[in-house]
Amino acid sequence: MDPQQQQQQQVAAILGPDAAPFESLVSQLMSSSNEQRSHAESLFNLCRDLHPDALAHKLASLLHSSPAFDLRAMSALLLRKLLTYRVGSFASDADLSYLWPRLSPSSQASLKSLLLSALHLETDRSVSRKLSDAISVLASSLLPDSAWPELLPFLFHAVSAPDSPRFHDDVRIAALSTSVNLIMALESASDRDRLADLLSAMMRTLTESLNSSQEATAQEALELLIELAGVEPRFIRHQLADVVGAMLQIAEADGLEEGTRHLAIEFLVTLAEARERAPGMMRKLPQFVGRLFAVLMRMLLDIEDDPAWHTAEIIDENAGETSNYGMAQECLDRISVAMGGNTTVPIASELLPAYLAAPEWQRHHAALITLAQIAEGCSKVMTKNLEQVVNMALNSFQHPHARVRWAAINAVGQLSTDLGPDLQVQYHQRVLPALASAMDDFQNPRAKFSILVQAHAGSAVLNFCENCTPDILPPYLDGIVGKLLVLLQNGKQMVQEGALTALASVADLSQENFQKYYDAVMTYLKVILVNATDKSNRMLRAKSMECISLVGMAVGKENFLHLLWEVMEVLMTLQGSQMETDDPTTIYMLQAWARFCKCLGQDFLPYMSVVMPPLLQSAQLKPDVTITSVDSDDDIEDSDDESIETITIGDKRIGIRTSVLEEKATACNMLCCYADELKEGFYPWIDQVAPILVPLLKFYFHEEVRRAAVSAMPDLLHYIIPALLEALQKEPETEICASMLDSLNECMQLAGAHLIEGHVKMMVDQIKHVMTASVARKKEMAERAKEEDFDDEDGEMLKEDTEEEEEVFDRVGDCLSTLIKYYKASFLPFFDELSIYITPMLGKDKTAGERRIAICVFDDVAEHCQGTALKYYETYLPFLLEACNDEDADVRQAAVYGVGVCSEFGGSVFGPLVGEALSKLNNVVRHPDALQSDNIMAYDNAVSALGKICQFHRDSIDAAQVLPAWLSCLPVRGDLIEAKIVHDQLCSMLEKSDRELLGPNNQHLPKIITVLAEVLCAGNDLATEHTVIRMINLLRQLQQTIPPSVLASTWSTLQPQQQLALQSMLSS
């Protein structure tokens, strides 16, 4: 039996009456064996391609009746994939994989029925979720055509009939999941609106679960509603007040489980954060923020006075904090950012004074934590009330309870970050002495001494310095440095670490003013660096490196040099040792080496061979990513590892170890530092560094890595560009030559006007070489076409070769455009050299592509070199005017654009050609096919050029005839850049009450108002924001000056939606 017959027999058995072969196939699709799974996939696809009806029936039956939950889950998953249309690489593959249109009507009806029945009967939540996905995917394609009339009644009854024996909790949650998925899957707002009545039924699932004390079910419902709030908040707008009111009641209900209340709060905050999809929606609800804010502040009271907090040997600032407290802290920050200061601050101002005046320390503490948490979102409003805000924090520095003092210091630190530099400039004379005093917390006669208060005061100094100017700090240095040195001698590691970080920040800000403290500080730092060798002291040693390097940079090379060699010997010894992967020393050492490089400059070069290998290794670290199913029991969110962050995409949960990414980002930043500092001394490492950093421009796991890679490009460009140019000269392949020119253009755009002059000359020389080589190849191709045995196949090959040459010339044009844009008149000597290559490209015997590129190059010269380019007009303008009526639309566009540029900057040189230019432009705009899609860009640019002639050469034209003709072409809609220019011109003329534009007895006003209406109704597409404002003001003026009858007549010519839009704009 041949393999094909054997396969057909297997398919027949799989789809036959016996269920076992099909169940076996589905099991094999889940196999860990690649070979077994691949074989099963091949058979499954064969069933799909040849017998879609039988396959759909088998999957639905398995889903409906199999006792094995894993088979049911896999069946639901397979159905979802088969019912989802995905455009594949090949249309035929996509058509085959999308099952629904290939099913017979009876199979479609049966499948719909079986899916709903399975959802009704399913008891496993994981399977229900997958089944919901399958139903919603199918429904999203059927609902717009009303092709599943049974679905909505089923969902409505399932989510809102708690007392019915037909619908138990599992069914209700499954139906709710299906409803949410369906709403999110529908692309059209009108289709979603058809499901509006479902929302009240969906909410009943939640409320009835709570009324019957089924909080587990209620929590599942809340999680689904949170998902809906994040993706489609506008759907909730239909019943916003009722939904939000219900959620607030849940959040306020102390008798409910914390998890239930937290989810209700998460729903409200998520809805508030969805302002991009539903702007302003939540701010319109009265009392929403006030009630939520009050709930969150009460939750902050759920904190215990844990003895571990007061006696902390290591950092344990969270001791005694509950899940309520943590949730409130996070949500206060999020809600203030989402709602903004104008909404949040008035509410906070009502609640905070009462909390601060209360005798309970917990209330005082809650007020200060709230102050810190809302500072980011309310920074602009709080900055206007700085005195009140600062007083709230500073007045609590002497509170008898240590946790309140800690909260006050924490607030000052956060306010220094979020309200700086205003806070630093206006209140340094109060804040810095208060922080210095807090470092002596043991001297507080009313209070119990606290290590954490001391340590946090040091951290707050760091926050203060980050937004501080160097001139503020000197008067306070003696007190601050003295206190920090005392803390540095404290036996508590956490206090020492905080002091080291603060000292480093103070030194970095103070620079030469830190010189007087150098000897005293370095004495302690050396001891820590040498002696902190235990594993428990790794962070202490790492911070000592940071502090030494920053202090050294502050005092300068001459003062630091005697100790620098000694410190670098210690670092080299450490680097040679075997450090554990989680040792923080690695990152701190990378940063310290880079600072030493800044300090030593070129004298650091001998150490590069030591520094670079581990630095390159860190820069090449791969992201540590874990991917699990949302339904997986291995929940990475429950991991104790705080260095793992999780995000959920679809049905996948992705965990990323951030510590690895932070080390990678640090390494990339340090490579930038070395390249910037060492200049040509970094050249030997370019070959290793560039291949690492260039791909990281698309490293989407970590923004800081991408930022570092981008920052490095200008430093590497000076080495990349010569290498690219050298390779370009030797490149034999035309296609690769075009790619190299493209890369060179990107490099030049990154470098801007900072290219070395020698590199510009090298670039111009290579452009000459490329153009000469291309001309030679084209000549060879022309000769080839004359051969007597030249046939159609040769013609196809010749066509491809010609297209490649056109691509090369396109890229040459891009490179020249970039050089002209950045170097302007200073590039003209190079342009003179290139003219003998460019001018011939304007000939009629050249291709349209060559003519367009030559015209575009001159356009750029005229635009960016302006007056200094006038000497070229005599040569190029005749070609430009002739090309205005070229057969090729792209050539016409380039030509008429150039005419507009020359009319703007050509002055008297262009004047004699105005008449001819008007004639050419008139031909473009009056052509019968001018507004067809291929020609619209040339048309719009011609209209723009006409406007510029009207603006800059009014005396040379018959304005009474030309201006109305120009006006009749408005508005411009195709070229959005030119549209903004043209409509700005219109405003300028109207603001001057241009008589020729308005016409005798203002006869052109109706057309003008129509144009303004069309532009305004297009939003910011056809005009800049500034032009829109000018247009609205102009319309308001016209309302006052135009006779009411004329205005009413004009208004009646507008579309109803235009009238409404204008009325709204004019009245706002």
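Which residues in H10 meet which residues in H12? Before I answer, a word on the source. This is a predicted model, in which local features need pLDDT of at least 70 and side-chain atom pairs count only at pLDDT 80 or more, while totals for chains, interfaces and linings use all residues. Residues are numbered from 1 along each chain as its sequence is written, and side-chain values use heavy atoms, with hydrogens and water left out.

To the answer, then. From H10, Arg172, Ile173, Leu176, Ser179, Val180 and Ile183 meet Leu198, Met202, Thr205, Glu208 and Ser209 of H12; contact here means heavy atoms within 4.5 Å. The residues of this contact divide into six nonpolar, three polar and two charged. In this scheme Ala, Val, Leu, Ile, Met, Phe, Trp, Tyr, Cys and Pro count as nonpolar, Asp, Glu, Lys and Arg as charged, and the others, Gly among them, as polar.

Two packed helices are described by the angle between their axes and the distance between the axes. Helix H10 covers residues 169–185 and helix H12 residues 198–211; they pack at an angle of about 145°, with their axes 11 Å apart. Axes are lines fitted to C-alpha atoms, for helices over the stretch in contact, and angles run from 0 to 180 degrees between N-to-C directions. Helices themselves are DSSP runs (H or I, at least four residues), numbered from the N terminus.

I turn next to two single residues. Serine 544 has its place in helix H30, residues 538–555. Is serine 544 buried or exposed? Serine 544 counts as buried because its relative accessibility is 0%; buried means under 20% relative accessible area, exposed over 50%, and partly exposed in between, with a 1.4 Å probe and protein chains only. Leaving aside residues up to four places away in sequence, serine 544 touches Leu500, Leu525, Ile528 and Leu529.

Leucine 605, by contrast, lies in the loop between helix H32 (585–600) and helix H33 (608–619). Its relative accessibility is 31%, so leucine 605 counts as partly exposed. Not counting residues up to four places away in sequence, leucine 605 touches Leu678 and Gly681. Leucine 605 and leucine 678 are 73 residues apart in sequence, and 7.8 Å apart in space, C-alpha to C-alpha.

Thank you for your attention.

Terms used: Helix = DSSP H or I, 4+ residues; strand = E, 2+ residues; numbered from the N terminus.
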